[in-house]
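The following exercises concern one protein structure. Please consult the sequence and the model while working through each solution.

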Amino acid sequence: MKVIAKNRKARHDYQVTETLEAGIALTGTEVKSCRAGAVSIAEAHARVLDGELWLIGAHIHEYDFGNRNNHAPRRDRKLLVHKKEIVRLKQATEAKGMTLVPLALGLNRGKIKVEIGVCRGKDKGDKRQALREKAHLMEATRAMRG
């Protein structure tokens, strides 16, 4: 998948337990804006509503060359996954502290896809521990090189 937009804070703020690639229902001007890279999924999340999976809070900038039928930048967008996966995701999010977070948005064989992660929020101590481990790993690789 060629990544168009990435949620860089997601892996820092959340512990990702599993990932899923989902299609997304877009209008024509939204697809053109995505291909141009005018997308932000930093504040977005996914939710199961009425048996359907929705991406909420993603910002796809209005297409510059669009006409009066241009799309709304922050509208909710339907994610396309199988019914069994929706049921499984709903059960996973009903567990305490679990949420659905978009990790990346990209092109896969000409189609725009969203990588969704089933995540649990990290507390401050977990984040600090992860930063310490990352620093030790970088230190070790530098020592091996030099």
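**Exercise 1. Cysteines**

Cys34 is buried, with a relative accessible area of 0%; buried means under 20% relative accessible area, exposed over 50% and partly exposed in between, with a 1.4 Å probe and protein chains only. The model is predicted: local features need pLDDT of at least 70, side-chain atom pairs count only at pLDDT 80 or more, and totals for chains, interfaces and linings use all residues. Residues are numbered from 1 along each chain as its sequence is written, and side-chain values use heavy atoms, with hydrogens and water left out.

Task: State whether Cys119 is buried or exposed, and give the count of disulfides.

Solution. Step 1: Cys119 has a relative accessible area of 0%, and is therefore buried. Step 2: a disulfide is a pair of cysteine sulfur atoms within 2.5 Å. Step 3: by this rule the count is 0 disulfides.

**Exercise 2. A strand with two faces**

Task: Determine which residues of strand β4 lie on its covered face, and identify the bridge partner of His45 in β5.

Solution. Step 1: strands (E, at least two residues) and helices (H or I, at least four) are DSSP runs, numbered from the N terminus. Step 2: in β4 (residues 45–49), Ala46 and Val48 make up the covered face, whereas His45, Arg47 and Leu49 make up the uncovered one. Step 3: strands pair if DSSP finds at least two bridges between them; β4 and β5 (residues 52–56) run antiparallel and are joined by 5 bridges. Step 4: His45 has Ile56 as its bridge partner in β5. Step 5: the two strands form a hairpin with 2 residues between them, and Asp50 in the turn has a positive phi of about 55 degrees.

**Exercise 3. Two loop residues**

Task: Assign Arg109 and His71 to their loops, and describe the surroundings of His71.

Solution. Step 1: Arg109 lies in the loop between β8 (98–108) and β9 (111–121). Step 2: Arg109 counts as exposed because its relative accessibility is 80%. Step 3: His71 is placed in the loop between β6 (59–60) and β7 (77–80), yet His71 is buried at a relative accessible area of 5%. Step 4: contact means heavy atoms within 4.5 Å; neighbours within four places in sequence aside, His71 is in contact with residues including Thr27, Glu30, Tyr63 and Arg77. Step 5: the side chains of His71 and Thr29 are joined by a polar contact of 2.9 Å, a polar contact being a pair of N or O atoms within 3.5 Å; within protein, one must be able to donate a hydrogen and the other to accept it, and residues adjacent in sequence count only if both atoms are side-chain atoms.
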